[in-house]
Each structure stands twice: as structure tokens, then as C-alpha cells.
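The sequence and structure are shown first.

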Amino acid sequence: MADQPLDRELKKGSAELLILSLVEARPRHGYEISKLIEQRSQGTLRYQVASLYPSLYRLEARGWIQGRWVEKQGQRRRRFYRITPDGRKILALQRQGWQQFAEAIRRITGIEFA
Amino acid sequence: MPDWKQIVRGRLAGLTLDGARESEIVDELAQHLEDRCQALRSSGIPEAQATRQAIDELTGGERLAEELRKIRRPPPAEPMGIPRNRGGIMTGFIPDLRVALRNMRTKLSFTLMVTGMLALGIAGNAAIFSIFNSLFLRSLPFAEPAQLIDLDETAPKWNLKYVGVSNPDFFVWRKNNATFDGMAFFTQDSFNLSDRGNVQRVLGGNVTYDLLPVLGLKPVLGRNFLPEEDRPGGAKVVMLGYNLWQRMFQGDRNILGRVLQLDDESYTVVGVLPREAVLPDRADLWTPLAVDGDPKNSNGWYLSGIGRLKHGVSMDQARADLLRVHKNMIQQGQKVNEITSPVLTDLRERYLGDFRSVSHILLGGVAVVLLIACVNITALMLVRGSARARELAIRTAIGASRNRIIRQLLTENVVLALAGGIVGILLGAAALRAMISLMPPNTLPSWIVFSMDARFALFCVAITGAAALLSGMAPALQASRIDTRSALQDAGVRTTLSRGRRFTLASLVVFEISLALILSIGAGLLVQAFRKVLSVDPGFRPENVLVYSVNLPTHKYKKPEERVNFFENLANRMRALPGVKSAGVTSAPPLGGHWGNFWEAEGAKPLGPNDKNPVVLQIVATPGYFDAIGMTFLAGRPFRDDEADLKYTRSAVVNETFAKYYWPGQSPIGKHIRYQGNTGAWVTVVGLVRDEKHYGLDQDMKPSVIIPLRGFPRSGMSIVMRTAMEPESLVAPARNVLREIDADLPMFAVRTMTERLGQSIWARRAYSWLFAVFAGVAVILAAAGIYGVVSYAVSQRTQEIGIRMALGAQPRQVLGQTLGAGMIVVSIGVIVGLAGSLAAVRLLQSLLFGVSPRDPLIFGAVILGVAAVGLLANFIPARRAASVDPMHALHFE
């Protein structure tokens, strides 16, 4: 995919990249994911429930992440999503794609990224 | 705290996903909102506001619902304790297996029953297939065996299917054919082999020099025969069979050039045959045939032939080619070729063709047994499936899909089938060993080896898999169609069976009964035929008769008188042994082979070219033979010693078939016969004996003439002794006497007549009883099936029966009703089976030995028997139904 021109997925697919990045290190549940997106983007990015969960389910259907109910003592059960080996591959590709995209934008607009 | 689930559900109205999926999503979103609310509150926002804010985040509920519907999430597996399938075939299998094993353990009696039934079915199939495989599927031990064809001649006019190939014919065939790469001929022979004081009787072959190359084989040591050795007067050379080489010479590689004595003649060893050189059957050595093709030197029809077809030539083309060659000989003056004509047969078919239809029938029989076992298991599983409805409904409710459930159930079946398969194959192997050990020696060509090979393994795997699918698919489909809600509601309650399921179960029972009936009728007919064969009058008394053979080397016993004297002396010495009642000598005891000739009767009109001219079995004997073998004289008397000498034979004895053919309705005594075309003296018929079943109890008898040894002094004869004690106990004394007369003569083919007779009907005995065993197993399986299904139906109806009885129904009425319903199913099964039997018995016709394939006695007995078994299998659960205590039954809830 890296050799292909930037595809359509890239433009609308930022949610996928974000979710995969967040579950890369360890499994997380939906609320935690939405909270982290908001926190780490310092409020710039916010996902509505109505768009976050369909994204999660779509990724799951593709086999990139895997959800699993986990019960911890004294808490209600939550569904944790972990990245699958397929998901890792996709994440690597998408990261590369985004970097190329960002690089392209920078060259055109002259904006320097720190 | 608000009920988040309720809120989510409200917002997602119209989501219309399947139940399990929906409840999962609701759970997850509710948790999200709760977390969100919690976070807002801990940041200091009052509860009411936090709640509202959280709920607001669920805006766009319709869009959410729409988005969610688009995504097919794989069914969650966790509730069943099974991780999701990640795409690999095995990933879902291991957990399925674990669940299956757990289910098998908890339902041990069910598991054992299913495994046992499958094992029974598979064992029979494994054993019979192994036999079939060894007989018909494994390739012959020659190079490119498909190109090899058996060559023979047939003579319908003589009433003989195979007469053998004559030497003039084979020379011309070999020279003039255009369709064979090679053609070789051989005949069986036997020798007294002596080497440095060690004497033994060995079977051998006289073969044309090219037999080994035609078979595509090479000597393991030394060389093949040379064409010049295969001519009259050629060098006396011998090739040793591999087994003899090992047995007698310990595989000595210096054997080449050694001189052995065969029938007191010196033969030089030129080679050792490979193990695969199995023609003629059981031959321990080969010598050159050494004949020529001159019609004047014809030895009659006596050779077996084998041809290697040219590549691309079909059997029909080869047949037409040989026929052309053969017919051309007629034009060149070989008139006798009008009677015989070449016949080509597939090699294996020639040696084993008799076993083919029997093998097919037995294979069919075991297949039916396995089918019944599978049907039985299907019924059991359906019954169990109903009992498992609640379990499956719960699984469905927590998200197991239909495919998932089918897979789980199929896995269980595969595991059950595997267990049944393994036990069955072990059982089958044991049964095979038992059958082989019961097989008398020399009934099959020695190159037939019963062993298990890759094809057998493949068959076992295939049949086990088929059993798993057959018995598992229907219950799995049915169980997966469970209506979750009603199953969950009903699960605690015992209800009557649904109409559809009742019909399915009844159909299975009908199927089982009809199959069992068909098998039983087949078995009844075969056993009846076997009994009929046993009751055939053999025409002699086989009890307490010992037979052995002696062959006189013609070099030592050159003069005919010497041979006559030897055998008469031997018979007298045998008669003098204590325990011997009578003794005689014959060229062919019953079941002892055929020597044919053509005879004519005085006064009978000469045969036209198209008249049948049946070959006559000609037996040479001493007068004592008739008494020793126990023949029955219907008229006249045995010939006397003084009625024949080398120049003139005055009298002969004929059998019933001979008398009927030549003088229908008249007494043969005093009539005259002679060799056909012989202008010499006539022989007077002095006695008429009952047909001695020379070729086997179930075989037709040919016309037969018994003539005195003094007129026809042969060198190879059998000694027949009737004893007053166990015939086996006389083997050693007889051998001592023979050694006293001539120490160099081995005694061979030592057998009691009962043994010979038993061996001749061994195959029929074996397949008849095998089939009966299959039928027995089938009936037992069917009975178990009926019992299982009816028991289940009764247990499901306990409540209903209880209500009826509370309302005044009598136990007798309940019994009658249950039994009646069951017997209707049995009756339908019997009718279907009867129709099937009428069609199926036609396959057996060739084996029935005159028993009608619609024998009313067998049909009646089997129908009654199967119905009785059906009644019993219905009666036990019906009685249980009648003894239902209404109070107890109604308390069930």
C-alpha cells in the first residue's frame, strides 16, 4: 500500500489510525479510547459515541482488533479491544501513509512540523 | 443511578439486530455512558447534570443504529468459553473438541452406545473391505499387470468353459498374433525332488522359456531358460522357486550348476525365480515345457496361457485377433479347432472371479449394517437433540449462530465417529485375523495376501467420516433450527413431540426395520441354500476315510505291469493295517480333479457337427475303491480284477448322469461303450453307481466312467482307506508301509475325506454365516433403535398419559394405544422392507443353489421374527407407559 498513491481510505480513515495507535500498546475499552483521543489531542479531536463504536466494530469485523469482555473485581464488565497481528500490519502501513501525506502537505504549504 | 441500558435501548429503538448482538452493544454503550457520567461527576458536576450531559452524547442514535446495522461483527464466542475463530481451520476446532469431549464424558452411556454401534458397523466394513481389497484391488505382483491377460480355450460343445490350450494351438497363436508383446504357457506338475538323500514332493511348473519375461520378471540368481532348452530333447534344467531355494538350500548362492534329482532324473539348476513368480500357483520350481507345435504331437488341451497385450490394444481387439489366427488354422486342416476357440479373461478375474459376486454381496451387507447403525445414531441424536434444546437455546440466546451450533454438533459427531472408528477398526482387524485363521489352506492363490495397506487405511478414514456426516447432519440441522424463545420457555416442561419430529423419528424407524428385514431375508435364503447343499447326497460316505497320493517316477517304474503291481500291492498292504476296513486306489478321489475323455455308446446314433458331446469324467480305479470310498451301486456290481489287462478292458462302471445321457429310461447294465472314434473293442457296463459329487456338493455332475487300473495303468494315483478309527491315526502307519515298499516315494496330499468336503464348501459356509451374523447385528440394532425412540416418546408423554389416566383411562388402554402406534410403524417398515427384499434377492440368485429367491417359508419366518422383535422393543416402553402413576406424572411440574 505504501507504494500506492494516497488512497481514499487515508482521507476519511483517521479514526482507524487513532484507534489502532491507542490499542497498540495495551488493550483498552471504548470509553478509555474516546477519553484518550480527547486528552491527547487536547480537546481538538472528539469522537461521538455514534461514530466511535461503529468504527470499533468495523475494525473488529475486519479482524484488526479483537474485543473481549473482561470482568474485574468490584467493577462492571467492560469490553476491551486489543490489536491483532493483522491490525499491527495495517497500523504500520497507515502510519507510513500518514507520514507521506503530512510530508506532501508540508512541501506544498511550507508549514513546518516540529 | 439511571438504568443506562434502558436509556440506550430507548435511543437505539429500531436497531433490529439479532438478539445476542443487540444486547452486547447495549451493554457496551451503557457502560460507556456510565463511565462518562462518573467522570463528569468526579469533575464536580452535579449528578443530574452529569447524567443529562452523558445522555446527550448519545445524539444521533438513529445514525448509530444505521451504522451498526452495516457492520457484521463476528459472533462473540466468549459466552461459550470459546475464543473467536481467527480464520484458521484449527483455531475453532480445539475448543469445539474440548466441549465435545466434555459432553461425551458427562453423557457416558450415550457415548458408549453410539461408539459401540458405530464400532460394530465399521468393524464389519473394515474386515470385509480388507478381504475385498486383498482379492480385487491390490495390484498383481507383476510388471504392468493390467497388460496381462489369461489365455485359454473354451469348448461349449463339450460342456466345458475352459479346456486349456493345446500345444499346436499355442505355437501358432504365439507366432501369428498381432496384438501381444508376448505369450507364455505353462502347466502344473509335481515332482519327487531328491538332493543328497533328502526326498520331498514338490509342486512345480512346466513352463515355456518366455514365461518370466512375459510376466515382466527377472531371475534373482542365474539365468532364465534358453529357447533351445524348451524343445523336446532339450537340456534338463530347472529354476528353483524363491521359497524352495530358501527352505531347502538356505538361500545358497552357489546353487547354480548343482544337479538335483527330479523323479529320478538329473536336472541342472540354472537360476532362482523371484518371489513374484507365482505361476503356476504354489510351484516350487520350474522346468521347461519342452514340447513342439506339431499337430501330430498334440498332448490335448492342458496348458494355461498368459499374454502381455501390446500397449493401446484392447481386450476385444486381442480377442478378435486370436480368433482370426485360430480360425485360419481350420483352413489349414486343423479340424479340431472347430470345437475349441480362444478365450481371453482378465487375469485376476480368471482366478478370483468366483469370489467377486460374493464379495460384493458381503460388502453390501456390511454397508447396510453400518447404515442402520448411522440411522440409529441419527434417531438417538434427534432424541437427545430435543433433550438438549434448552442448552442449545441458551447458546443461541447468548449469541451462538446457527453455523456455530452446527459446527459444534458436528464436531461432537466427528469425535464420536472417530472413537467408533478406532474401536471398529481394531475389532475389524481382529475379526479379519479370525476369518483368515479359519480359512482352510490352498483355497486361494498363494499370491493373495491379507494385510492392511494404505487403501485400507483410506477406506477406514472415509467410512468413519461418512458415518459422522450421515449420523450427524440431520440432528445438527434440526437442533440449529431451534426457536430460542419457545425452547427456553418449554425447556423445563415435558411436552409431547412436535408432529414434524415425530414423523422424522418414525421414518427413521421404518427405514431401519426395512433394511434389517432385507438383510435378514437375504441371510435366511443364503443359510437355507447352505443347508440344502449340506443335505445333498455326496454319492459316497466321507466319514472315516483317509486319502493320500503317490506318484511313481516313470524311469523307475517303466513297465505298466510294475505300476499296477505297485499300487495293488500298496492297497493290499494298507488293507492289512489294523483299523483299516477297506482300501482301494483311484486316479481321482471325489474333489480330486478332472480328467476328461470322450466316450460313445453302442447303438447311439453318430454325433452331428452341432450335437452336444459332453466330456466324460474318466476315473481309473481298483475294484476295492468302490467300497473304500463308499459308493452306492444302483444296479450291477464293481468290475473284477480279472476283467481287464493291458490289452483288453472288458468291463466298466458308469454313473447316473452317464446312464441318463446315453440311455435315458433304460438300464445301462450290459450295454457297451468305447472311446469316441475308437474302432477297438467295446467295454461292457457292469455297474451303475449313484453320482459321486466329484466337483463339489453344489456343483453339477458330469457323466462319468470308472475303468479298471489294470487296463489303464497310471503312475500317479491316490490311495483311499476306510478306517474303523480316527483316520488321522493311520497316517503314520501308512507312511511306514510306503517307505518299506519304496523309501524314495513321498506321500502327499494326505487328507481325510471329511476335510476335503469341508474345504470344498468352505467359502459357501463362510459367506452364508457371515451374512447371517450381519443380519443378526442389523436386527439387534433396529430393535435398539425402536426401543430408544419409543422409550423417548413415552417419557415425553408421561404427563399426557398421567392426565389421561387421571381422567379414567385404563392401563390396558394406554398399553394398547402405545403398542398400537408403535406396531403401525413396525408394520410399515416390514412392508417397505418386503418390497425392497423382492428387488434385492435377485442379486443373490446365483448363490441360492435352487432355493427360490421368494421362498415363502423364509419370507414368512423372517417377517414374523422381525415383527416379534419389533413388538418386544415396543412392549417394554409401552408397559412403562401403562404403569405411569397419574399423581406422580402430574407432580412433575
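In chain A of this predicted model, strand β1(A) is joined to strand β3 (residues 78-83) by 2 bridges, and the two strands run antiparallel. Helices (H or I, at least four residues) and strands (E, at least two) are DSSP runs, numbered from the N terminus; two strands pair if DSSP finds at least two bridges between them. Within this pair, Arg28(A) stands opposite Tyr81(A) of β3(A). The pair belongs to an open sheet of 3 strands in the order β1-β3-β2 (chain A), with antiparallel pairing. Its edge strands are β1 (28-29) and β2 (65-70) of chain A, each of which pairs on one side only. Strands of a sheet pair through backbone hydrogen bonds, either parallel or antiparallel.

Residues are numbered from 1 along each chain as its sequence is written, and chains are lettered from A and ligands numbered from 1 in the order in which they are written. The model is predicted: local features need pLDDT of at least 70, side-chain atom pairs count only at pLDDT 80 or more, and totals for chains, interfaces and linings use all residues.

The elements of chain A run α-α-β-α-α-β-β-α from the N terminus on. The table sets out the two chains. A residue is buried if 20 or more other C-beta atoms lie within 10 Å of its own, exposed if 12 or fewer, and partly exposed in between, with C-beta atoms placed from the backbone. Two residues are in contact if their C-beta atoms, placed from the backbone, lie within 7 Å.

| Chain | Elements | Buried residues | Contacts joining residues at least 24 apart, among those at least 6 apart in sequence |
|---|---|---|---|
| Chain A | 5 helices and 3 strands | 30% of the 114 residues | 50% |
| Chain B | 26 helices and 23 strands | 41% of the 893 residues | 83% |

Chain B contains strand β16 (residues 616-621), in which 6 of the 6 residues are buried, so the strand is largely enclosed by the rest of the structure. Val616(B), Gln618(B) and Val620(B) point one way from β16(B), while Leu617(B), Ile619(B) and Ala621(B) point the other way. Strand β14 (residues 596-597) of chain B pairs with β16(B) in the antiparallel sense over 2 bridges, and here Gly596(B) stands opposite Leu617(B). Strand β21 (residues 704-708) of chain B, by contrast, runs parallel to β16(B) and is joined to it by 5 bridges; in this pairing Gln618(B) stands opposite Val705(B).

Helix α17 (residues 560-575) of chain B has 16 residues, which at 1.5 Å a residue should span 22 Å; the end C-alpha atoms are 23 Å apart, in agreement with that value. The expected span is 1.5 Å times one less than the number of residues. Val564(B), Phe566(B), Phe567(B), Leu570(B), Ala571(B) and Met574(B) are the buried residues in α17(B). Seen down the axis of α17(B), its buried residues fall within an arc of 160°, so they line one face of the helix; the arc is that of the directions from the helix axis to the C-beta atoms. An α-helix has 3.6 residues a turn, so residues three or four places apart point the same way. Asn569(B) and Asn572(B), on the other side of α17(B), are exposed. The buried residues of α17(B) pack against β13 (580-586), α18 (624-629), β22 (716-723) and α20 (731-741) of chain B.

A nonpolar core is a set of buried Ala, Val, Leu, Ile, Met, Phe, Trp, Tyr and Cys residues joined through C-beta atoms within 7 Å. The largest such core has 102 residues, of which Ile372(B), Ala373(B), Ala516(B), Phe774(B) and Ala778(B) touch the most other members. Not counting residues up to four places away in sequence, Ala778(B) touches Val368(B), Val369(B), Ile372(B), Leu515(B), Ala516(B), Leu519(B) and Ser520(B). Another core, of 58 residues, lies apart from the largest one and has Val545(B), Ala588(B), Ile719(B) and Met753(B) among its members.

Some backbone features in the loops of chain B also deserve mention. Asp263(B) lies in the loop between β7 (259-262) and β8; its phi is near 45°, a positive value in a residue other than glycine. Asp263(B) is partly exposed, with 19 other C-beta atoms within 10 Å. Asp264(B), in the loop between β7 and β8 of chain B, has a positive phi of about 65° although it is not a glycine. Asp264(B) is partly exposed, with 14 other C-beta atoms within 10 Å. Pro280(B) lies in the loop between β8 (265-272) and β9 (285-288), and the peptide bond from Leu279(B) to Pro280(B) is cis, with omega near -15°.
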